[in-house]
Structures are given as structure tokens and as C-alpha cells.
Amino acid sequence: MAELRMSFIEHLEELRRRIIVIFIALLVAVCVGYIFSWEILDFLKRPATKADIPLNLYYQTVLEPFMVRFKIAMYAALVIALPVILYEVLAYIAPALRKREKRIMYGSLFFIILFFLAGAAFCYLYILPVGLNWLVGQAQGRISPVLMAGDYVGLVALLMLALGLTFETPLLVWLVVRLGIVTPRRLHRGWRYAVIAILAFAALITPDWNPITMMLVAAPMFLLYEGSIFFAALGKRAADRRRKAQEVELGE
């Protein structure tokens, strides 16, 4: 009982250390993001400029400029500190994994970051210009926009984060198939549940629950889900063929 109690305390101590490291990484990243907040804001305004939208951002209260800079810093910190966060999470759960599972999880760390950045870049280069142009175009010149800086930053940053998470779908499907948790056929049969889960996820991360914004997040995610199942099935068939060939060689 004493050994179990000590192992449990050590387990909590390790969790505390991991959380402290993540907190410090986020704190440093927030400071960096706050220092370069106006440069980041100029970067976030470019999709509107690309869509020929005359973008003038305003604020209403004395506190709002600070809050806008802090909001930008928080979103930037999530991206800057992402490698540290992922590593600490994987390092914490690694003792509970088998050697093969550890190799797969650590090997996927680079691709998790790569896919996230690819999703954010896809949103920035393609989704935002088209989406902003369509949304602003609904005014048809009858009403003029007074865009609040905080609202614009929240919409653009959350969409980029959402598409970044959406592009993790192929890697997630690959991981669960590679680890033998589920088969591609079972994933395909459960497409109805996947649609519900994707729509719920899109609603959760959409700042204003706008149906158009939700679809901009949900549609690519579902396409990636189905595409991932197809490629996972091809990979599984190739792995099965290799395993059968090895069994034949050993049998001979």
C-alpha cells in the first residue's frame, strides 16, 4: 500500500512538473506574442486585403487596445509553444505505452506540427480571402461595416486554429489504424457518427456559431476524414501483404 501510495504521489509530481513546463513555455510565448502583436495584426489583415476588402479596425473602450494585443499574444502563444506542449503531453503518457506505441507516437510528433501549420496556412491563403469576401459581400453596398479589432482578430485566429486542428484528421486516422484501435472499414461505416462529431466540433470552436463559418471548418474536415480512411485502408492492405509474405518465408 505504501509503494502504491508513493507511486501515485510521484505520478502527480511528474504531472505537476509537466504542467509547470507548459505554463512557463506559454508565458514566454505570450510575452513574445505581445511584443510583436501589431506585426501579427498586420499579418492577420492581409487576407482581407487580398480579397479587396477595405479593412479599418476600430475599438470602443480605453481598455480594448490592450485586450486586442493580449488576445493576439494568446493565440500566437498557442502556436509558438505547440512543440513544447505536445512533447510534454507525450512524455507524460509515454510510460503507459509499449515500445512500438512509443515509437509511433514520438515519430508522429513532427507530423502533428507540420499538419497543423499546413491547415493554418491553407486557411490563411484560401479559406479566409474567399470567406471574408463572401461575408462582407452580403452587405451589397447597402450597409457599411464598422469592424471591431477584437472581433476580427478572434474570427481570423480561431478559424486558423480550427483549420490547423482539422488538418490533424489524417494523422489521427492513421494513428488509430496503425495502433490497431479500429479498422478503416469500421471508420467508413461510422461516417454518420463522424458527421455529427465534426459538426459538433465545428460548432464548439466557431466563435459566433455562424453556420457559414461552421461549414468552412466542417467541410474540409469531413473530406479529410474520408480521404484519410481511403489511404489508411491502402496502407493496411500493404502491411497485411508484407506480413503474409514474411509468414510464408518463415514457413518455408
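This is a predicted model: local features need pLDDT of at least 70, side-chain atom pairs count only at pLDDT 80 or more; totals for chains, interfaces and linings use all residues.
Reader: Before I look at any detail, how should I judge the confidence of the model, and where is it lowest and highest?

Author: The protein averages a pLDDT of 81, and 88% of the residues score at least 70. Confidence is lowest in helix α11, residues 211–251, where the mean is 72, and it is highest in helix α3, residues 64–80, at 94. Over residues 1–5 the pLDDT stays under 50, and the model has 0 contacts beyond four places in sequence for that stretch.

Reader: How do I then read the overall fold, and which secondary structure elements does the protein have?

Author: Here one counts the elements and follows their order along the chain. The protein comes to 11 helices and 2 strands, and from the N terminus on these run α-α-β-α-α-α-α-β-α-α-α-α-α. Of the 252 residues, 37% count as buried. Among contacts between residues at least 6 apart in sequence, 83% join residues at least 24 apart.

Reader: How is the packing of two helices described, and at what angle do α4 and α6 pack?

Author: Two packed helices are described by the angle between their axes and by the distance between those axes. In this model, helix α4, residues 82–93, packs with α6 at an angle of about 145 degrees, and their axes are 10 Å apart. The crossing in which α4 passes α6 is right-handed.

Reader: Which residues meet there, and of what class are they?

Author: From α4 come Leu82, Pro83, Leu86, Tyr87 and Leu90, which meet Leu109, Ile112, Ile113 and Phe116 of α6. Sorted by class, this contact has 9 nonpolar residues, with no polar and no charged ones.

Reader: Where is Ser108 found, and why does Ser108 count as buried?

Author: Ser108 is found in the loop between α5, residues 99–107, and α6, residues 109–137. Ser108 counts as buried because its relative accessible area is 2%, which is under 20%. Leaving out residues up to four places away in sequence, Ser108 touches Leu171 and Leu175.

Reader: Which residues of helix α8 are buried, and what follows that helix?

Author: In α8, residues 169–178, the buried residues include Leu171 and Leu175, together with Thr169, Val173 and Val177. After α8 comes Gly180, whose phi is positive, near 75 degrees.

Reader: How can I check the length of a helix such as α7, and how many of its residues are buried?

Author: One compares the span of the helix with the span expected for its number of residues. Helix α7, residues 149–166, has 18 residues and reaches 25 Å from its first C-alpha to its last, which is close to the 26 Å expected at 1.5 Å a residue. This helix is mostly covered, with 15 of its 18 residues buried.

Reader: In helix α11, is Ala232 buried or exposed, and is Leu223 buried or exposed?

Author: Ala232 lies in helix α11 and counts as buried, at 8% relative accessibility. Between Ala232 and Arg185, which are 47 residues apart along the chain, the C-alpha separation is 9.8 Å. Leu223, whose place is also in α11, counts as exposed at 63% relative accessibility. Leu223 and Pro170 are 53 residues apart in sequence, and their C-alpha atoms are 10.0 Å apart in space.

Reader: How should I read a value between the two cut-offs, and what does Ile40 touch?

Author: Such a residue is called partly exposed, and Ile40 in helix α2, residues 37–50, is described in this way because its relative accessible area is 23%, which falls between 20% and 50%. Not counting residues up to four places away in sequence, Ile40 touches Gly33, Ile72 and Ala76.

Definitions and conventions
Residues are numbered from 1 along each chain as its sequence is written. Side-chain values use heavy atoms; hydrogens and water are left out. Helices (H or I, at least four residues) and strands (E, at least two) are DSSP runs, numbered from the N terminus. Buried means under 20% relative accessible area, exposed over 50%, partly exposed in between (1.4 Å probe, protein chains only). Contact means heavy atoms within 4.5 Å. Axes are lines fitted to C-alpha atoms, for helices over the stretch in contact, and angles run from 0 to 180 degrees between N-to-C directions. A crossing is left-handed if the near helix is turned anticlockwise from the far one by less than a right angle, and right-handed if clockwise. Ala, Val, Leu, Ile, Met, Phe, Trp, Tyr, Cys and Pro count as nonpolar, Asp, Glu, Lys and Arg as charged, and the others, Gly among them, as polar. The expected span of a helix is 1.5 Å times one less than its number of residues. pLDDT is the predictor's confidence in each residue, from 0 to 100.
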